[in-house]
Amino acid sequence: MTTATLFNYSYSPTSGRNPHPAPVPVRRIVIIGGGTAGWMTALILARSLIERGVEITLLESPTVGIIGVGEGSTPWLRGFFDSLGLEESEWMPACHATYKCGIRFDGWSTKPGFESYFHPFASMLDNLTMKQFVHNVEARINGADLEAHPDRYFIAARLAAKGRAPKASESFPFDIWHGYHFDAVLLGQFLHRKAVDRGVRYKSCHVTHANLDADGNIASVGTEEGETIAADLFVDCSGFAGLLIDKALHTPYVSFSSNLFNDAAVAIPSPMEGSIPSETVSTAMKHGWAWKIPLTTRFGNGYVYSSRFCSADEAETELRRHLGLLDADVPARHLKMKIGRVTRHWNRNCLAVGLSQGFIEPLEATALLFIQQTAATFVEFVERGDLSEAAHERFNDMMNSHFEGIRDYIVTHYKTNTRTDTEYWRANAANLNLSDDLKKLYSLWMAGKSIAPAVGQQVLGKGYPVFSWYSIMAGMGIFPDPQDLRPPTAQEARFSEAEIATSSSAAPPTIRITAPRSRAFRRAAPSRRCRSISGSRRLRRRHSPSPPCQSRSLPSANSPPSTTRRFAARCLPRRALQCCGDS
Ligand SMILES: Cc1cc2nc3c(=O)[nH]c(=O)nc-3n(C[C@H](O)[C@H](O)[C@H](O)COP(=O)(O)OP(=O)(O)OC[C@H]3O[C@@H](n4cnc5c(N)ncnc54)[C@H](O)[C@@H]3O)c2cc1C
């Protein structure tokens, strides 16, 4: 299973198509739902299975809309488009899309110097500073007064700070890893057109029920229009409704509400003015956080909050005030969110993809990644003809580990907060419902030890790579208080400031995107695939023998005796220490 950021050497699509594909044990597949999940899944299945004679039909209700939010991605979306041969120059303008270097977190920590930090999509070039970053972080945990804020070390943070696109000039030999922002409705329409062009059948009809056979498998679905539609395999992309996976098959569901409190959102667009940023901004609010996502034509904004702590009206007013739109006549959309996952994403002859399989709140914009990975992994099982019960188990274990790994990372955003202004933030910091993996990671950190082995060996690493864990803990300022820091030893200070500054400013000349649909924007979307993808991949391989930040490449902790207990007493809120035991 892949990770949500980094490792740009490995995002490549599977290689060229097999000219003589083997038949697969499925003839007809019906997908229910025409949101992003339905159309992404349709395209991924179509790419592999239509040439093997499989018929794929997508059913979409004419009366139930799509959720229509979800405007940020991880870098893995590049692999999705690339595997389908869809160029940025085609899909990005059609979806008002912009480039994303990562996410800035504002106001999550109150620690001086750490009120804001950037979670970057790291690139190969970051190998130049990754070692220094981890070394300095580990030294600072142990009391050395060294520069350890993640913003100093990653190219993506520098590009985003300058409003630059992560696109280098033609001759620059390294790829700059990036994600996207896009209009979710336009993306759905774009994917719909492409899927139908590639042979996916489309039917507008409202599914009312599923008919089970004697073994409990789904034999067919019935529609309001009076049709009965049979298939060998059903894909539930019906969103939070979970028409098949939940309503028909009653698949057990694991709620994440014990440590992810947010269950509602309100969204309000605002005009795009001036140059287009290349980052998502996530700002801590009173009872949750607000996203700000730049598209070429507008900003998408929203407030994700917990209805246990504030009402929908309060959330809307707070968001309007935050956006300076208190008196503006812009409509707001209110949404409910169900946070958790099913226990079996592939249950009998039904695969759940998208919101029907589960949802971790959108703080790190990981939902499309789940869709992509669920569908792509499933296709591999079908291609191998492996639909056995053991295959179900393996598949579901993979999906569940991935969900839990990402959940742990998102929980860390809340657990490490140091805000005390509302009960919401205090409750998050005091929350003791943490996975064992997370408790272990916090304990290692508090003890001044390397967290790399723990991330590598546990479910944690299934969600995020090591550098992301260092980034979040360091970015939130989980260090001894400044007055407890001491001058570094010579060994600790072996990476000079100058070296860090030089390496991290080695960013290539890049493009500033200045106006909606401008020429600069069109130039930013490469028109030749070989330049943006294949060519640069060859070069990356040549210049970058080892991937950045795999656990094996991280330096081991090399620190003097630590000030652990004193540090532990200071660097997390008092209640939070209970979870970390006697580290
Ligand atoms: C507030 C919020 C912010 C988000 N932000 C992000 C983000 O930044 N990045 C990210 O990756 N993800 C994000 N997501 C998640 C993302 O929006 C979804 O994962 C994605 O849109 C896929 O949704 P879906 O296709 O599963 O469901 P939906 O969009 O809800 O689609 C459901 C489909 O099922 C159909 N349907 C329903 N009932 C029937 C029926 N009876 N018969 C036939 N058809 C039916 C509907 O017509 C519709 O086409 C966010 C989600 C929320 C709530």
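In this predicted model, Thr-36, Trp-39, Met-40, Ala-42, Leu-43 and Ala-46 of helix α1 are in contact with Ala-184, Leu-187, Gly-188, Leu-191, His-192, Lys-194 and Ala-195 of helix α6. By class, the residues of this contact comprise nine nonpolar, three polar and one charged. Helix α1 also contributes to the shell around the ligand, where three residues from α1 form the largest share.

**Packing of α1 and α6**

- Two packed helices are described by the angle between their axes and the distance between the axes.
- For α1 and α6, the latter spanning residues 184–197, the angle is about 30° and the axes lie 9 Å apart.
- Angles under 35 degrees count as roughly parallel, and α1 and α6 are therefore roughly parallel to each other.
- The crossing in which α1 passes α6 is left-handed.

**Residues around the ligand**

- There are 37 residues around the ligand, and those that come nearest are Gly-33, Gly-35, Gly-70, Gly-239 and Gly-354.
- The shell around the ligand divides by class into 21 nonpolar residues, 14 polar residues and two charged residues.

**Origin of the ligand shell**

- At least two residues of the shell come from each of four elements: α1 (36–49), β2 (55–60), β17 (298–305) and α9 (367–383).
- Domain 1 (28–98 + 182–257 + 339–394) and domain 2 (264–336) each provide at least three residues of the shell around the ligand.

Definitions and conventions: Residues are numbered from 1 along each chain as its sequence is written. This is a predicted model: local features need pLDDT of at least 70, side-chain atom pairs count only at pLDDT 80 or more; totals for chains, interfaces and linings use all residues. A residue is near a molecule or strand if its C-beta atom, placed from the backbone, lies within 6 Å of it. Ala, Val, Leu, Ile, Met, Phe, Trp, Tyr, Cys and Pro count as nonpolar, Asp, Glu, Lys and Arg as charged, and the others, Gly among them, as polar. Domain bounds come from an automatic or database domain assignment. Axes are lines fitted to C-alpha atoms, for helices over the stretch in contact, and angles run from 0 to 180 degrees between N-to-C directions. Angles under 35 degrees count as roughly parallel, over 145 as roughly antiparallel, 65 to 115 as roughly perpendicular and the rest as oblique. A crossing is left-handed if the near helix is turned anticlockwise from the far one by less than a right angle, and right-handed if clockwise. Two residues are in contact if their C-beta atoms, placed from the backbone, lie within 7 Å.
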